Amino acid sequence: MKLRHAILTWVAVFGIAIFLGQPLGTWAAHRWGCWKYADATINWYNGGTGDYFNIYNEEAKTDSNAWSPYTDIFLQPSSSGTTDHANAYNGFYGSTGWLGLAELRSVSGCTVRNGRARLNQSYLDNGSYSRTNKKHVACQEVGHLFGLEHNRGSSTTCMNDTILTAPQPNTHDRDLINSIY
Amino acid sequence: MKRKNFLILTILVALCGLSVSAMLGLQQHQDEKVQVPSRSKSAAVWKEVYKNPDDMVKSVDTIVLAQAIDRQPGRIAYSSNGEDALPFEIVAFRVVDDITGKKGEGIIYVERAGGTDDAGNQVYLDADGGDFEIGNSYLLFLKRQEDGPYYYQVNDQGRYQVEGGRFKGVDKDDPVSVFLHNRPVEEGLQMVKEKRNKADKN
């Protein structure tokens with residue numbers, strides 16, 4: 001093959017590769033900042049009340065694709081705390097505009113020491129939201145604590161904040177979590 | 001050039017291209033979003049997430065261009081098990097331009113989560129764009145509380161700070177925020193007014 005033809009081919013291949021490579025770059029774009037817990041074993045405090053206790057438990061530990069068994073993260077049941085802790089709560093927070101809130105309260109550099117997930121019963125208990133919707137919100141808030149960002153590109157993940165019908169992480173979330181920890 | 005060598009080099013070129021592209025895409029994203037935090041971070045599942053600006057303009061109770069003039073501590077909400085305290089603050093705004101055309105609201109009050117909890121801890125929440133800076137002006141899309149006397153910002157799509165004569169959205173990649181982000185103030189206001197007028201007629 002003539003060198004000129006080879007170079008033209010390589011230029012074309014390089015251009016196509018650049019185009020096709022963009023999705024790879026955005027694959028990691030659903031990571032939330034640089035934040036993560038110090039390691040994959042995280043103290044887990046379920047401060048939920050009523051069925052919210054069950055919902056948090058299912059999303060964190062007991063569903064087949066809950067965060068703890070589905071990813072490399074291991075949630076160690078614990079009392080509430082502020083060191084390497086993920087704490088989960090529900091409450092009547094009022095007309096705030098949000099159904100759920102994830103807060104990384106104590107960070108050192110990129111290391112999270114204290115994360116809190118909150119579910120707003122003022123909305124979630126008003127009869128407009130199914131149990132699946134509540135599980136979706138709980139799943140997402142807990143996912144944020146572990147370092148995941150919203151993902152509006154998939155309808156199969158609870159990290160999508162435009163739907164409330166996918167109460168579980170998907171394989172992309174699992175792979176991303178496992179690459180972080 | 002032998003066919004085998006050509007194929008090997010072609011594969012190498014393709015891998016280089018993929019790697020460069022992926023790295024550039026990730027770097028661009030990280031430049032925009034990954035910052036080492038000096039305080040805490042927050043994210044929310046909003047009750048309303050709009051797909052386009054028309055829906056947001058139509059849905060909210062009030063749209064104002066307003067200047068933040070005061071912040072005061074508000075209520076503290078506790079989790080149902082009583083262990084977790086979430087403080088709120090009340091931010092007062094002087095209305096500069098009321099797009100919704102309501103009169104008699106020279107000062108409006110917006111409640112948002114954040115402030116100092118009962119243990120004296122400073123709670124910084126930025127899911128809505130973070131603390132309002134006193135003296136700065138904002139275009140705000142607000143709803144009235146069903147259970148309180150204040151307004152609340154409808155979500156992170158509902159705040160645009162005025163900087164250098166232009167609006168700055170909270171998430172500039174959001175499909176609704178893109179509509180106003182970086183747009184000159186007068187032009188942005190005019191567009192919002194037109195959309196609101198259209199919504200009122202319908």
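Tutor: Helices (H or I, at least four residues) and strands (E, at least two) are taken here as DSSP runs, numbered from the N terminus. Residues are numbered from 1 along each chain as its sequence is written, and chains are lettered from A and ligands numbered from 1 in the order in which they are written. This is a predicted model, in which local features need pLDDT of at least 70, side-chain atom pairs count only at pLDDT 80 or more, and totals for chains, interfaces and linings use all residues.

The pair to look at is in chain A, which holds six helices and six strands, arranged along the sequence as α-β-β-α-α-β-β-β-β-α-α-α. Helix α2 of chain A (residues 51-62) and helix α5 of chain A (residues 131-145) have axes that come within 9 Å and cross at roughly 55 degrees, the axes being lines fitted to C-alpha atoms, for helices over the stretch in contact, with angles running from 0 to 180 degrees between N-to-C directions. That angle makes α2(A) oblique to α5(A); angles under 35 degrees count as roughly parallel, over 145 as roughly antiparallel, 65 to 115 as roughly perpendicular, and the rest as oblique.

On the α2(A) side the contact is made by I55(A), Y56(A), E58(A), E59(A) and A60(A), and on the α5(A) side by K134(A), K135(A), A138(A), C139(A) and V142(A), where two residues are in contact if their C-beta atoms, placed from the backbone, lie within 7 Å. The contact residues of α2(A) and α5(A) divide into six nonpolar, no polar and four charged (nonpolar: Ala, Val, Leu, Ile, Met, Phe, Trp, Tyr, Cys and Pro; charged: Asp, Glu, Lys and Arg; polar: the others, Gly among them).

P167(A), in the loop between α5 and α6 (171-180) of chain A, touches residues named in that contact, including E59(A), K135(A) and C139(A). Leaving aside residues up to four places away in sequence, P167(A) also touches T132(A), H136(A) and C158(A). P167(A) counts as buried because 24 C-beta neighbours lie inside 10 Å; a residue is buried with 20 or more other C-beta atoms within 10 Å of its own, exposed with 12 or fewer, and partly exposed in between, the C-beta atoms being placed from the backbone. The C-alpha atoms of P167(A) and G33(A), which are 134 residues apart along the chain, are separated by 23 Å.

Elsewhere in chain A, D84(A) belongs to the loop between β3 (74-77) and β4 (85-91), and D84(A) has a positive phi of about 55 degrees although it is not a glycine. D84(A) is partly exposed, since 19 other C-beta atoms lie within 10 Å.

Chain B comes to four helices and ten strands, and 36% of its 202 residues are buried. N182(B), in the loop between α3 (177-180) and α4 of chain B, has phi near 75 degrees, again a positive value in a residue other than glycine. V185(B), which is found in helix α4 of chain B (residues 185-201), counts as buried because 20 C-beta neighbours lie inside 10 Å.

As for confidence, the model scores ipTM 0.85 and pTM 0.84. Chain B has a mean pLDDT (the predictor's confidence in each residue, from 0 to 100) of 87, with 84% of its residues reaching 70 or more. Over residues 28-38 of chain B, however, the pLDDT is below 50, and this stretch has eleven contacts in the model beyond near neighbours in sequence.
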